[in-house]
Amino acid sequence: MTKQMSMKDAIRKYVHDGDTLYASGFTHLIPFAASHEIIRQGIKDLVLARATPDLIYDQMVAAGCARKVVFSYMGNPGVGSLRRVRAAIEAGTLEWEEYSHFSMISRLQAGASGLPFMPMKATGASDLADQNPNYQKVTDPYTGEAVVVVPPLKPDVAVVHVQRADAEGNAHVWGILGEQRLAAFAATRVILTAEEIVDQSVIRSDPNRTLIPGMIVDAVCHVPYCAHPSYTQGYHDRDNQFYLEWDQISKTEESVGEYLREWVYDVPDRAAYWEKLGPEVHQRLTAGARLSEPVNYGDY
Amino acid sequence: MTDELNYNPSELMVVNAARLLQDGDVVFVGVGIPNLACNLAMRTHAPNLQMIYEAGVIGAQPSRLPLSIGDPTLVSGALSVCSMYDIFTLYLQRGNVDVGFLGGAQIDQYGNINATVIGDYPNPKVRLPGSGGSMEIAAWANRCYIITPHQKRRFPARVDFQTSIGFLSGGDARKKTGVRGAGPEVIVTNLGLMQPNQDGELVLTALHPGVSFEQVQENTGWDLKQSETCTVTEPPKQEELRILREELDPGRIYI
């Protein structure tokens, strides 16, 4: 059964005020098109969870969509500070809940596997655990030693961008996998966006690459270039130049406001956004070809 | 002689960090100076070093300098790509990582690192990016190296917040926590090298050419001890500088 619908309809149907949202992707496959649609629809009071809030949550916080952020590294990767999230935290206008990368991902692993908590080896660092009561200790029943545990993270909705999917949401993903799969399995509702919608026979030709099965997906949206200024391996490059520019844009509320007006509110959808970026940017972000060797699954 | 002294502080730190790496090391690496140090080591004395990234990339062979730790160039041509959960469990937590590179806003007398806040946690004066993977790398990599410019504000006696641990309050405090890794082994700065003594306190073990102990003390926030065997590091060699400037960072982004 097809689950294909427009990004606009998917956000309207599956993202509500007050939801906990996990827009997944570690540097790679970050679904900026979905966040821009959420901003356009004026959705409020979201709890924004991501290991790395990245520019996607900096923009959503600046646009007034968020009540709280849950994160493990709040920076502009390779550039510096994530200015809008940081300013809101320092001003006391945004709640936050903080983890290390591994404890954040462990929370998703617990949520995705239906477990009550996830154990982790000791790190010896106690300052963060003293500030965040979600870090607890249990006694290892086999050795009697204390083990650190974190509770499941179960987002109301996850947005996951992939290279290709069929209309039911069976999706092929390659490149940096981050926490894509865990976010999808942990969430109650899943919006899948894809560079290409393909016939199911393409998915069946390489089942080991299907990291997200259609059975957990609610909506499938065909959104080429969904991830810009992040990237999609093999489809387009990361726009490092924009990540550097954002460091300037995000310095003041005014310049962020101008950016949002020009690139989010006054743009109807991702196709128009990509068009607006222009041929020079398209050329600069082109990904050349580097193909894998085909494998033989055998004909049985 | 003039040629020998013709290098900048970043180059000095990269070269000294690269020399610490051994052939065959599995290194959990970040972007910037650690990435350059690994690549320099691979092109000189450690051709079999393996770079792994917290994004889940093993055996990366980047063809350009990545800006971010999740750059697509890390994937193309890598040995393996796995999820973040796998990289932190199967590789780091399991003990398959020899070296971790760390940095932070503050590093204290016992090698503890602050990357979280300056001031009070609930009402921070400066909100820093936070741990990322550093809490686990500092605890679970077999050994760690910290690379940072030598400034007094970066080396207070005590950090405002312990994001990742070195030797805590010294003595056997680290051992008692049960963490598997040995902790920070060398701190590479633009003035010299510091290493933990038996008590876990960072002491000066080497000066870079032309640097005095007084200069290092002036830029350190505690009463710095100088090791009895304190040496002077060998200046960067022409070949090391050539590889760095011509092959690894021709655009001079990090050096």
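Colleague: Which residue stands opposite A:Pro119 in β9(A)?

Modeller: That is A:Val149. One word before we go on: this is a predicted model, in which local features need pLDDT of at least 70 and side-chain atom pairs count only at pLDDT 80 or more, while totals for chains, interfaces and linings use all residues. Residues are numbered from 1 along each chain as its sequence is written, chains are lettered from A and ligands are numbered from 1, both in the order in which they are written.

Colleague: What makes β7(A) and β9(A) a pair of strands?

Modeller: Strands here are DSSP runs of E with at least two residues, and helices are runs of H or I with at least four, numbered from the N terminus. Two strands pair if DSSP finds at least two bridges between them. β7(A) and β9(A), residues 146-150, have 3 bridges in the antiparallel sense, so they pair.

Colleague: Why are β7(A) and β8(A) said to stand at the edges?

Modeller: The open sheet has the order β7-β9-β8 in chain A, with antiparallel pairing. β7 (118-120) and β8 (136-139) of chain A each have a single partner strand, so one side of each lacks a neighbour in the sheet. From one strand to the next, the twist averages 45°.

Colleague: And in chain B, which strands stand at the edges of the open sheet of 10 strands?

Modeller: Its order is β4-β3-β2-β1-β5-β10-β11-β12-β13-β14, with mixed pairing. β4 (80-81) and β14 (226-232) of chain B are the edge strands, each with a single partner strand. Elsewhere in chain B, β11 (184-188) and β12 (192-196) pair in the antiparallel sense over 2 bridges, and B:Val188 faces B:Leu193 in β12(B).

Colleague: Why are α2(A) and α3(A) called roughly parallel?

Modeller: Axes are lines fitted to C-alpha atoms, for helices over the stretch in contact, and angles run from 0 to 180 degrees between N-to-C directions. Under 35 degrees counts as roughly parallel, over 145 as roughly antiparallel, 65 to 115 as roughly perpendicular, and the rest as oblique. α2 (32-40) and α3 (54-62) of chain A pack at about 5°, with axes 10 Å apart; they are therefore roughly parallel.

Colleague: What makes α1(B) oblique to α2(B)?

Modeller: α1 (9-20) and α2 (33-43) of chain B pack at about 55°, their axes 8 Å apart, and that angle makes α1(B) oblique to α2(B). Residues of α1(B) that meet α2(B) include B:Met13 and B:Val14, and among their counterparts in α2(B) are B:Leu36 and B:Leu40. Contact requires C-beta atoms, placed from the backbone, within 7 Å.

Colleague: How do you know that α2(B) is mostly covered?

Modeller: A residue is buried if 20 or more other C-beta atoms lie within 10 Å of its own, exposed if 12 or fewer, and partly exposed in between. In α2(B), 10 of its 11 residues are buried, among them B:Asn35 and B:Cys38. The cover includes α1, β1 (26-28), β2 (50-53) and α7 (238-248) of chain B.

Colleague: How many residues of chain A are in contact with chain B?

Modeller: 41 residues of chain A are in contact with 43 of chain B. α5(A) gives the most to that side of chain A, with 4 residues. α5(A) also lies across β7 and β9 of chain A, at about 150° to β7(A).

Note on methods: Two residues are in contact if their C-beta atoms, placed from the backbone, lie within 7 Å.
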